[in-house]
Amino acid sequence: MGREQWGGRAVTTVVLMGPPGAGKGTHAGMLADRFAVPAISTGDIFRAQVAAGTDLGRTAQQYVDSGAYVPDEVTNAMVRERLSADDTRPGFLLDGYPRTLDQAAVLDEVLGTQDRRLTAVLVLSVDREALVRRLLRRAEIQHRSDDTEDVIRRRLEVYSEHTLPLIELNGDRRLVHEIDGNGDVDEVRERILEFAYKLTPAERSAPGA
Ligand code: ADP
């Protein structure tokens, strides 16, 4: 008991999209706890592989460090494997995947073979100046190799070029919900939760809410 259900559904399969610095990781973690599903961040997986010095890490590093996307075949193979793990049965929160049309097609296919579909696609939108400010602040705290001014600019460009069109073209527009990601973490969290629960008013009084 105690598992909350997004939209009252037994399985919570949610994708979080938005530009670098939008807060995907922060909110994916919060939602994963609340809905008791794993948060899967492709960026975190790549960084962990780089740190562990695996083959995948060696392949990914040059792309991550320069702010480019890791090639689809590499990213897709990794996600396919991750989504086949047992802990994703109650669902998952995908943070930073899909980012390209090819990735979106693979996600559709994986979900199709598992006989399930997406619950929602949340797009966090944040003003550009705020994004750069947040990322530069994070650079001081976390020392991520890609949080330098040049690479931040590149990542924002890559997002606009490859991922924004994907949101616009997304197969099922009804799934896509834009959330205002400006403001502090608590404010944005409330907006997200309001959306998650509004799907099923009954869920507001769910155990553990
Ligand atoms: P951000 O969204 O803030 O740029 P992430 O931690 O999500 O940060 O991603 C960091 C880097 O990892 C990206 O710049 C890219 O190189 C790589 N990456 C993450 N997710 C993907 C993806 N779905 N496809 C290709 N590359 C990815």
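**Group meeting talk: a walk through the predicted model**

Residues are numbered from 1 along each chain as its sequence is written, and side-chain values use heavy atoms, with hydrogens and water left out.

Glu178 is exposed, because its relative accessible area is 56% and exposed means over 50%, with buried under 20% and partly exposed in between (1.4 Å probe, protein chains only). Together with Asp127, Glu129 and Asp180, Glu178 forms a negative surface patch. A patch here is made of residues with over 30% relative accessible area and no salt bridge, like charges being joined within 9 Å and nonpolar side chains (Val, Leu, Ile, Met, Phe, Trp, Tyr) within 5 Å. Asp and Glu count as negative and Lys and Arg as positive, with His and the chain ends not counted, and the place of a charge is taken as NZ of Lys, CZ of Arg, CG of Asp or CD of Glu.

Stepping back to the whole protein, we have eight helices and five strands, and along the sequence they follow the pattern β-α-β-α-α-α-β-α-β-α-α-β-α. Of the 209 residues, 47% count as buried. The accessible surface comes to about 10600 Å², with 49% of that belonging to carbon and sulfur atoms; such areas come from the Shrake-Rupley method with a 1.4 Å probe, and for residues only the protein chains shown count as cover. If we take contacts (heavy atoms within 4.5 Å) with a separation of 6 or more, residues 24 or more positions apart account for 76% of them.

Now to the backbone, where some residues deserve a second look. Most residues other than glycine have a negative phi, and most peptide bonds are trans. Which residues does a cis peptide bond join? They are Tyr97 and Pro98, with omega about 0 degrees, and Pro98 has its place in the loop between β3 (91-95) and α5 (101-113). Ala36, in the loop between α1 (24-35) and β2 (39-41), has a positive phi near 50 degrees and is partly exposed at 37% relative accessible area. His143, in the loop between α6 (128-142) and α7 (149-169), also has a positive phi, near 55 degrees, and is exposed at 63%.

Finally, the charged pairs. Side chains of opposite charge can pair when their charged atoms come close. Counting a salt bridge as a side-chain nitrogen of Lys or Arg within 4 Å of a carboxyl oxygen of Asp or Glu, how many are there? The count comes to 13 salt bridges. One of them joins Arg82 and Asp87, whose closest N and O atoms are 2.8 Å apart; Arg82 is partly exposed at 25%, and Asp87 is partly exposed at 37%. Asp146 pairs with Arg144 at 2.9 Å between the closest N and O atoms, and both of these residues are buried. Asp146 also forms a salt bridge with Arg155, here at 3.6 Å, and Arg155 too is buried. These residues belong to a network of salt bridges linking Arg138, Arg144, Asp146, Asp147 and Arg155.

Definitions and conventions:
Predicted model: local features only at pLDDT ≥ 70, side-chain atom pairs only at ≥ 80, totals over all residues. Helix = DSSP H or I, 4+ residues; strand = E, 2+ residues; numbered from the N terminus.
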